[in-house]
Every structure is written in structure tokens, then in C-alpha cells.
Amino acid sequence: MYVLKNTCPFCGHETDHTTDPGDSIAFPVPGDPSICWKCAGVSVFDDKLDLRKPTPAEKADFDKDKDVQEALACLRTVKEGA
Ligand SMILES: [Zn+2]
């Protein structure tokens, strides 16, 4: 977990940390995808590690990215089970 305050560009949800199922530190780098826990929107860390909406090309990449799709599936499972 990495402490980082941000705002989801899709729903405005305020985030206060990042997590990564494959990396316990989860320090993001610019261009990394971020999935909103509240709305499941996939955004991108910009050069200042603020979140922005992806470009159409980035969104197409995320739609094909196995890790992003697995994380979205995991999020849906957790939320439906809660
Ligand atoms: Zn959101």
C-alpha cells in the first residue's frame, strides 16, 4: 500500500492510498493504470501522479490488458460479495 491522495476523474471519489495485488508497496509511476474502488473506472497516473481519464488508445490497451481485466473482475467479485 502506498499513501497517495487523489480524486477519481470519473466519479470524484477521493482516494487516499494505492494497492497492487502483485506488489506490496504499490508505488505508481506515470502511465500506470488505476482502478477506482467506487466506480471501477480505469484512470491513468499523470506525470505528477494525479489521476486523469485515459486517452482512447490507452483505454483500448487497458481493455486488452490481462492484469487490468483481472483486477476489474476481482473488484466486481468483492463488491458483489459485500
Ligand atoms: Zn470512481
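**Entry 1: burial.** I started with how much of the protein chain is tucked inside, and buried residues make up 10% of its 82 residues. I noted the cut-offs: buried takes 20 or more other C-beta atoms within 10 Å of a residue's own, exposed takes 12 or fewer, partly exposed is in between, and C-beta atoms are placed from the backbone.

**Entry 2: what I am looking at.** This is a predicted model, where local features need pLDDT of at least 70 and side-chain atom pairs count only at pLDDT 80 or more, while totals for chains, interfaces and linings use all residues. I number residues from 1 along each chain as its sequence is written.

**Entry 3: the elements.** I found two helices and five strands. Helices (H or I, at least four residues) and strands (E, at least two) are DSSP runs, numbered from the N terminus. In that direction the protein chain reads β-β-β-β-β-α-α. Its radius of gyration is 12 Å, close to the 12 Å the globule rule gives for 82 residues, so the chain is as compact as a globular protein of that length. Here the radius is taken over C-alpha atoms, and the rule is 2.2 Å times the number of residues to the power 0.38.

**Entry 4: the sheet.** In which order do the three strands of the open sheet lie? I read S3-S4-S5, with antiparallel pairing; strands pair if DSSP finds at least two bridges between them. S3 (33–35) and S5 (51–52) are the edge strands, each pairing on one side only. Three bridges link S3 to S4 (residues 42–45), and Pro33 has Val44 in S4 as its bridge partner.
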